[in-house]
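Hi,

Have a look at it in your viewer while you read.

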Amino acid sequence: MARTETPRRIRGTQDIFGDEQRRFAHVLSTFERVRALYCFQRIDIPVFESTAVFARSLGETTDVVSKEMYTFEDRGGDSLTLRPEFTAGIARAYLTEGWQQFAPLKITTSGPVFRYERPQKGRFRQFHQIDAEVIGAAEPGADVELLVLADQLLRELGIADGVTLQLNTLGDADTREAWRAALVAHFEAHRGELSEDSLTRLEKNPMRILDSKDPKDRPIADSAPDIDAYLTPEARAFFDAVTAGLDAAGVAWERNARLVRGLDYYRHTAFEFVTDRLGSQGTVLAGGRYDGLIGSLGGPETAGVGWAAGVERLAMLLEEPAAAGIDAVVVPMGAAAEARATGIVADLRRAGVAVEMAYKGKMKARMAKADALGARFAIILGDDELAKGVGAVKALATGTQTEVAFADLAEALR
Ligand code: ATP
Ligand code: MG
């Protein structure tokens, strides 16, 4: 008879458990705490959108749109796409929900995003991002606030030391046009030395050649003209205000004139927090200003700036987070004690005490379980204790044991 094969996990997805899950949760809870300090409010948006939301805003020529999207037709015949990032969906929500009335709007979100990429360490097909955006603020102060928030998040996660903020400006529309022309002239002159991919980029999105990873392209990318000579006075002043703000807030940064963002809608500030601790997946947090995005979705011209970070990459950088401890483990010995323990455990949990019951196996195994759970106390219940109406409360760190009346247990454990 044919055996039914057990189902497999889809390539590039994850089942997150144990230590990995604790790291993951620690990143999210830290983000939740820090975003509240900066008065950003949390929103949630759908996991899928009309394909046009991403295709129009990210740009048809970007890797994400041309190669990485999970796009499908639903039963009604509409083309839908699993979100490959948050910003486009947030911009769509801003327009559909009339959030203009709350501008400038400071928001965060987090959750799974999907990209069809070759899975490797730190690169998945379903991964998770945390995301922060300020919509409707054209001032450089918004860029600064987002960068200081990112910096504080990394500090509170204890990983700021190995991570560097790289900063660039992509200028305003006039700057980009002039710089683009200079780049095209430079790359045209070196046509024969460029990689196949970069020849395509030259037609469609020449700026992308600058951050090409192909060793063949590097010398030509490195000798390309910097944007600086093409910055309009306004674009220059904007960039200066951002760097002055970072200096005032005590956030270290370095200029990376080769940093361009993959998505078409970026203007002015572009940045990445990078580390050399994750091999070639070294970018942990990235973003910039996207003043052109909401207009490209058919909305009124609206300023915006934001960033996203990969939760998995942040979690990989964490020092081993301490296993979540609990308050106590109840150890009932015998049927009568077990029956009584059910009520005691329920009462303790209702009183806000974190307890687990260890009712299986020999005493030694049960105490080992208490240790493994990181419990501070074991509450031993035998026939003697039942008769007296007490639990034998043992402090696991010191071994000291005291008898505590059932009614006083919650108080004693807190
Ligand atoms: P990369 O150069 O690594 O492909 P990216 O430029 O595509 O990154 P963004 O679109 O800026 O990445 O996404 C923001 C963050 O999301 C990245 O800095 C990274 O931490 C994380 N990230 C991106 N793609 C993946 C992935 N496939 N798996 C895990 N994390 C990812
Ligand atoms: Mg990518």
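Leaving aside neighbours within four places in sequence, Gln 281 is in contact with Gln 120, Lys 121, Gly 122, Arg 123 and Arg 313 (contact means heavy atoms within 4.5 Å). Gln 281 sits in the loop between strand S9 (267–275) and S10; helices (H or I, at least four residues) and strands (E, at least two) are DSSP runs, numbered from the N terminus. With 6% relative accessibility, Gln 281 counts as buried (buried is under 20% relative accessible area, exposed over 50%, partly exposed in between, with a 1.4 Å probe and protein chains only). A polar atom of the Gln 281 side chain is 2.9 Å from the backbone oxygen of Lys 121.

Before you go further: this is a predicted model, where local features need pLDDT of at least 70 and side-chain atom pairs count only at pLDDT 80 or more, while totals for chains, interfaces and linings use all residues. Residues are numbered from 1 along each chain as its sequence is written, chains are lettered from A and ligands numbered from 1 in the order in which they are written, and side-chain values use heavy atoms, with hydrogens and water left out.

Now the ligand. There are 16 residues around ligand 1, and the closest are Arg 115, Glu 117, Arg 123, Phe 124 and Arg 261 (a residue is near if one of its heavy atoms lies within 4 Å). That shell splits into six nonpolar, four polar and six charged residues; Ala, Val, Leu, Ile, Met, Phe, Trp, Tyr, Cys and Pro count as nonpolar, Asp, Glu, Lys and Arg as charged, and the others, Gly among them, as polar.

Gln 129 has a polar side-chain atom 3.1 Å from an oxygen atom of ligand 1. For Thr 283, a backbone N or O atom lies 3.1 Å from a ligand 1 oxygen, and a backbone N or O atom of Val 284 is also 3.1 Å from an oxygen of ligand 1. Strands S6 (126–135), S10 (283–289) and S11 (304–310) are the elements that give two or more residues to the shell, and S10 gives the most, with four.

One more spot, helix H7 (residues 196–204): which of its residues are buried? They are Ser 198, Arg 201 and Leu 202. Seen down the axis of H7, the buried residues fall within an arc of 105°, so they line one face of the helix (the arc is that of the directions from the helix axis to the C-beta atoms). They pack against helix H6 (173–189), while Glu 196, Glu 203 and Lys 204 are exposed on the other side of H7.

Cheers

Methods
A polar contact is a pair of N or O atoms within 3.5 Å; within protein, one must be able to donate a hydrogen and the other to accept it, and residues adjacent in sequence count only if both atoms are side-chain atoms.
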